[in-house]
Amino acid sequence: VFEGAFEKYRFSTSDQFRTYFPDYGNIGSVSFPLGLQLAQESGQLKRGDRVTFFCPSGGVQFGLLVFRY
């Protein structure tokens with residue numbers, strides 16, 4: 001599902017997509033801050049990068065955050 005949406009909107013998924021559900025489980029409201037911290041620690045995030053967080057949820061709800069770091 002994610003890959004199809006990312007292709008449609010021209011987001012790269014190869015080395016930039018990260019999921020941390022298997023490691024941390026359902027972390028809800030800390031998903032975005034944790035993703036930012038993990039990307040910084042791994043060297044995947046650098047100043048000037050465009051960042052997109054997408055967090056699916058139940059039903060038709062989801063979270064989306066786009067910004068330049």
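Visitor: What length does helix H3 reach from its first C-alpha to its last?

Guide: Helices (H or I, at least four residues) and strands (E, at least two) are DSSP runs, numbered from the N terminus. H3 covers residues 31-42 and has 12 residues. The expected span is 1.5 Å times one less than the number of residues. For H3 the expected value is 16 Å, and the helix is close to it, reaching 16 Å.

Visitor: On what basis are the values computed, and how are the residues numbered?

Guide: This is a predicted model, in which local features need pLDDT of at least 70 and side-chain atom pairs count only at pLDDT 80 or more, whereas totals for chains, interfaces and linings use all residues. Side-chain values use heavy atoms, with hydrogens and water left out, and residues are numbered along each chain as its sequence is written, from 1.

Visitor: Which element has the highest mean pLDDT?

Guide: pLDDT is the predictor's confidence in each residue, from 0 to 100. The protein chain averages 78, and 78% of the residues score at least 70. Among the elements, helix H1 (residues 2-8) has the lowest mean, 67, while the highest, 86, belongs to H3.

Visitor: What pattern does the protein chain follow along the sequence?

Guide: The protein chain contains three helices and two strands. Read along the sequence, these elements give the pattern α-α-α-β-β.

Visitor: How many bridges join S1 to S2?

Guide: Two strands pair if DSSP finds at least two bridges between them. S1 and strand S2 (residues 62-68) run antiparallel. Valine 51 has phenylalanine 67 as its bridge partner in S2, and arginine 50 stands opposite arginine 68. The number of bridges joining the two strands is seven.

Visitor: Which glycine takes a positive phi in the hairpin of S1 and S2?

Guide: Five residues stand between the strands of this hairpin. The residue with a positive phi, near 65 degrees, is glycine 59.

Visitor: Which residues does cysteine 55 touch, not counting residues up to four places away in sequence?

Guide: Cysteine 55 lies in strand S1 and counts as partly exposed, at 23% relative accessibility. Its C-alpha atom is separated by 8.9 Å from that of leucine 65, 10 residues apart along the chain. With contact taken as heavy atoms within 4.5 Å, cysteine 55 touches Ser31, Phe32, Phe62 and Gly63.

Visitor: How far apart in space are phenylalanine 54 and phenylalanine 32?

Guide: Phenylalanine 54 lies in strand S1 and is partly exposed, with a relative accessible area of 38%. Phenylalanine 54 and phenylalanine 32 are 22 residues apart in sequence. In space, C-alpha to C-alpha, the two are apart by 8.5 Å.

Notes: Buried < 20%, exposed > 50% of the residue type's maximum accessible area, 1.4 Å probe, protein only.
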